[in-house]
Amino acid sequence: MIHLVGPYLLAAALVGLGVAGIAVRRNAVLVLVGVELVLSGGLVLLVTTQAAGADRWAAGSVLPLFTITIAAAEVVVALAVVLAVFRMRGSIDLDAPSAPEDTA
């Protein structure tokens, strides 16, 4: 049996850093990094809970594989959207104006 304090603290730290990154950052890529940190914290918690249980082949060992696959697809789509927004607006800040201003 493993001690659960360490992995639970790690999961809490990852989720806390992710939420802080989402709340504080203006850059879209850094917000995506925050989302991935929250997802990683959830995965650590899921694997820890499964490892502490009696059934070694429960869904806790399979679900993270699906979650990692979905997270990889999410990153690809989100970065494609960020790239398209950068090409259109010239900035990836979340509070930038929606259309480039004409100075001429």
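Predicted model: local features only at pLDDT ≥ 70, side-chain atom pairs only at ≥ 80, totals over all residues.

Student: What makes the contact of Arg26 and Asp93 a salt bridge?
Tutor: The side chains of Arg26 and Asp93 meet at 3.0 Å, N to O. A salt bridge needs a side-chain nitrogen of Lys or Arg within 4 Å of a carboxyl oxygen of Asp or Glu, so the pair qualifies.

Student: Which parts of the chain does the pair of Arg26 and Asp93 link?
Tutor: Distant ones: Arg26 sits in the loop between α1 (5-24) and α2 (28-52), and Asp93 lies in the segment after α3 (63-89), 67 residues apart.

Student: Why is Arg26 called partly exposed?
Tutor: Its relative accessibility is 46%. Buried means under 20% and exposed means over 50%, so Arg26 falls in between.

Student: And why does Asp93 count as partly exposed?
Tutor: Asp93 has 23% relative accessibility.

Student: How many helices and strands does the chain have?
Tutor: Three helices and zero strands, and along the sequence the pattern reads α-α-α.

Student: How do you know that the span of α1 agrees with its number of residues?
Tutor: At 1.5 Å a residue, the 20 residues of α1 should span 28 Å, and the end C-alpha atoms of α1 are 28 Å apart, so the two values agree.

Student: Which residues of α1 are buried, and how do you know on which side they lie?
Tutor: Ala11, Leu14, Gly18 and Gly21 are the buried ones. They cover an arc of only 100° around the axis, so they are on the same side of α1. An α-helix has 3.6 residues a turn, so residues three or four places apart point the same way. The face turned away from the buried side of α1 carries the exposed residues Val5, Leu9, Ala23 and Val24.

Student: What covers the buried residues of these helices?
Tutor: For α1, the cover includes α2. The buried residues of α2, among them Val31, Gly41 and Leu43, have α1 and α3 as part of their cover.

Note on methods
Residues numbered from 1 in each chain as written. Heavy atoms only, no water. Helix = DSSP H or I, 4+ residues; strand = E, 2+ residues; numbered from the N terminus. Buried < 20%, exposed > 50% of the residue type's maximum accessible area, 1.4 Å probe, protein only. Expected span 1.5 Å × (residues − 1). Arc of directions from axis to C-beta. Contact = heavy atoms within 4.5 Å.
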